[in-house]
4 protein chains.
Amino acid sequence: MNATIDRIRRQVSDLHQELVRYNLVVWTAGNVSARVPGEDLLVIKPSGVPYDELTPANMIVCDLDGKVVEGEHAPSSDTAAHAYVYRHLPEVGGVVHTHSTYSCAWAARGEAVPCVLTAMADEFGAEIPVGPFALIGDDSIGRGIVDTLRGHRSPAVLMQNHGVFTIGKDAEAAVKAAVMCEDVARTVHLSRQLGEPLPIAQADIDSLNHRYQNVYGQPQAR
Amino acid sequence: MNATIDRIRRQVSDLHQELVRYNLVVWTAGNVSARVPGEDLLVIKPSGVPYDELTPANMIVCDLDGKVVEGEHAPSSDTAAHAYVYRHLPEVGGVVHTHSTYSCAWAARGEAVPCVLTAMADEFGAEIPVGPFALIGDDSIGRGIVDTLRGHRSPAVLMQNHGVFTIGKDAEAAVKAAVMCEDVARTVHLSRQLGEPLPIAQADIDSLNHRYQNVYGQPQAR
Amino acid sequence: MNATIDRIRRQVSDLHQELVRYNLVVWTAGNVSARVPGEDLLVIKPSGVPYDELTPANMIVCDLDGKVVEGEHAPSSDTAAHAYVYRHLPEVGGVVHTHSTYSCAWAARGEAVPCVLTAMADEFGAEIPVGPFALIGDDSIGRGIVDTLRGHRSPAVLMQNHGVFTIGKDAEAAVKAAVMCEDVARTVHLSRQLGEPLPIAQADIDSLNHRYQNVYGQPQAR
Amino acid sequence: MNATIDRIRRQVSDLHQELVRYNLVVWTAGNVSARVPGEDLLVIKPSGVPYDELTPANMIVCDLDGKVVEGEHAPSSDTAAHAYVYRHLPEVGGVVHTHSTYSCAWAARGEAVPCVLTAMADEFGAEIPVGPFALIGDDSIGRGIVDTLRGHRSPAVLMQNHGVFTIGKDAEAAVKAAVMCEDVARTVHLSRQLGEPLPIAQADIDSLNHRYQNVYGQPQAR
């Protein structure tokens, strides 16, 4: 059990560097968490610590109500939202939150990103939907995420006027979704600046998504 | 006293690297200063020295009229504006000036950045206001900064056709405000390219700002 | 023969770093391949392996039907398209595929990039054309690339709603075309945001392209 | 004399890294040259050599007709334009050419960048003007540069549909002008996307430019 938590601590710490590498965060604003497999626990970033000072040792372990179990710092101020997701979506093993630029630009207008790229059909299988405006401090954000993503193909939700939350079977999948969300939010934004992107037929979106989710991730290709 | 100045020299020198890291500056155009606690002194960047040649030793110590007390180079050509702020806003411990791209794009139109992101409500608590057009060479710029920010929640002001000045309780807080100012100026710019961002109700802005300024910065979370 | 394959493995592995350096790819989405000179073989990126884990040893060798000849991983899911190009365009020695941002923004609208820059006349000799929408899984993508580029001066094609494919006499030339394609797609996009770029007369495009393709690449200048 | 040329070789080689650092170039497209003080010689980048392979030793020494005096590679294909500038503007000690993105976006429309930022008044003292469309291969480009910049305050000219050339008293000043040109071209572009930048009165532009060119560069401030 300690070995599992140690592994998750390292994974969560390392994955924050991907947020930096892909320019999804400034200062201390975004965070990654992971569910501890087989336990009612999650591992998350400490609040307000710069990305280049993150280590496995200063990650925070919380229960699924967001209460600290291990850790010297306070956990991310977004911990309640992460914890809500883990309590209500048992298939989710990782959650990421960022204020990445283009995703937030759509979120500030409360507008979904339409599915007009084959890579978007692959990863998201649909538009990237918008969740409600919600204040921090209670379950509003978590509930908004879960209500929007439950039953939706997209692993990403744009929370209105706020930012993006992504989910995945593990933390790496959630980080990948965060990276891809910003990438397609940027490309579709740019495309729309000079006209209207051509739609992709629903049957083609379905076909691309089915193939990608079931064929592309074959074991031998990691 | 020498130990304090040495600490501030190091802090000011190091914080300039954050301006580089976040792409807020090109060539030698931006600068950070800090008040020396308990003294009528400030520490500021030398004029025209490249960022990768800055060291604690070549920082310039000035009095609060901007006159050099210690240092081989001339101080930043913006020293008079920094000094004016320290003279008139005793709670300010750090000042940053940049020509960061998106902030300047708003400043060139003389247009405030509206508060349409929760992260902006957190950090700025309001729109980011515009200060007057002012020429370098006397107190015009300093007075424009102080007149605009005194009594305003925002720690950042867009000086018309010029750039951005930010203030903070210390130099790190002022640098954070400069980083966040450019980040939200960019996101709101992009959002407005394709429509109108949704407003956030004033009561929600107030609530977010109050919480962030009073709860988020709890001691144990640095 | 082994020495040749080893050289091509190294070249293909190294060239992927250029895709990263020029921000043409995120996560694992783009790929480079090269024909093995004198053999009916190609070398290509393994599927789903991060760019900083690519080595000459984990490149995949395939025949020109895309069947794996050497390699532990599955080859890129775009291998069929690369293989189709090598089978049908014998002068092509390298192929690159990316979802680079500005190229995809044009591709999502199904719009060619007009030739309004002298650097574009040099490298592309014409507009960068659009190929058909095509689903992955059969020869549709490969056929779309070949049908669009055969007889066209441009070494780059924007596949509608998808991304960009470039070709070259070798893999380095194809990578250069991918870098230049994104560069001119970005510049022309930005130029059109504020008005209409001025056209370049066809005779001048012809003259620039002829000179660049025949004079600029003189032996002593590599 | 050899010591002088060696110093200029190193300076020109090193300054190319600034073009890379500020993202003014892709692949091998931009170049820096310097006049050898007291000689009818210039030092310039070799043609087609990647930026990370540039060394003092592989720089090319040419006479002011662009003929190679020392060097194994062919000189930059833009050498004739650089040489023309040195022949006709004796006060110029450095020339830079790039296809930097935002500058080219203005150049493709044949539109000057208006002087709406104080930093632009400082460095350029006026709008950044547009030079004629000109084909490579004779003196057309050099003549276009000289005819546009002679008697103009701006050290930068946007050559229509092509790119930017900058001049300076030495190569470092020309590189600074190239960096600042792209910076203000970007900021003014962005500002104009959402409205019209406010003009700066001509008298204020004059005053800013006079002060910057005569006071800011004081000896002790390098």
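A charge sits over a ring if NZ of Lys or CZ of Arg is within 6 Å of the ring centre and within 35 degrees of the ring normal. The legends below use this rule and a few others. This is a predicted model, in which local features need pLDDT of at least 70 and side-chain atom pairs count only at pLDDT 80 or more, while totals for chains, interfaces and linings use all residues. Residues are numbered from 1 along each chain as its sequence is written, chains are lettered from A and ligands numbered from 1 in the order in which they are written, and side-chain values use heavy atoms, with hydrogens and water left out.

**View 1. Lysine over tyrosine in chains A and C.** A:K45 lies over the face of A:Y51, 5.2 Å from the ring centre. In chain C, C:K45 is placed over the face of C:Y51, at 5.3 Å from the ring centre.

View 2. D:K45 is in the loop between β2 (41–44) and β3 (60–63) of chain D; helices (H or I, at least four residues) and strands (E, at least two) are DSSP runs, numbered from the N terminus. D:K45 has 2% relative accessibility and therefore counts as buried (under 20% relative accessible area; exposed is over 50% and partly exposed is in between, with a 1.4 Å probe and protein chains only). Leaving out residues up to four places away in sequence, the residues that D:K45 touches include D:H16, D:Y51, D:L54 and D:P75; contact means heavy atoms within 4.5 Å. D:K45 and D:V215 are 170 residues apart in sequence and 33 Å apart in space, C-alpha to C-alpha.

**View 3. Aromatic pairs between chains.** Rings of Phe, Tyr and Trp (its six-membered ring) pair if their centres lie within 6.5 Å; planes under 30 degrees apart count as stacked, over 60 as edge-to-face and the rest as tilted. Over all chains, this rule gives four aromatic pairs. One of them is tilted, because the rings of A:W27 and B:Y22 have centres 6.2 Å apart and planes at 35 degrees. This pair crosses between chains, with A:W27 in the loop between α1 (2–21) and β1 (31–35) of chain A and B:Y22 in the loop between α1 (2–21) and β1 (31–35) of chain B. Both A:W27 and B:Y22 are buried. The rings of C:Y22 and D:W27 also have centres 6.2 Å apart and planes at 35 degrees, so the pair is tilted. C:Y22 counts as buried at 19% relative accessibility, and D:W27 counts as buried at 14%.

**View 4. Helices α1(A) and α6(A).** The axes of α1(A) and helix α6 (residues 171–193) of chain A come within 10 Å and cross at roughly 10 degrees. Axes are lines fitted to C-alpha atoms, for helices over the stretch in contact, and angles run from 0 to 180 degrees between N-to-C directions. The two helices, α1(A) and α6(A), are therefore roughly parallel (under 35 degrees; over 145 is roughly antiparallel, 65 to 115 roughly perpendicular and the rest oblique). In the contact, A:Q11, A:L15, A:E18 and A:L19 of α1(A) meet A:A171, A:E172 and A:V175 of α6(A).

**View 5. Helix α5 of chain C.** Eight of the ten residues of helix α5 (residues 140–149) of chain C are buried, and the helix is mostly covered. Among the buried residues of α5(C) are C:I141, C:I145 and C:L149. The buried residues pack against α2 (79–88), β6 (130–131), β7 (156–159) and β8 (163–168) of chain C.
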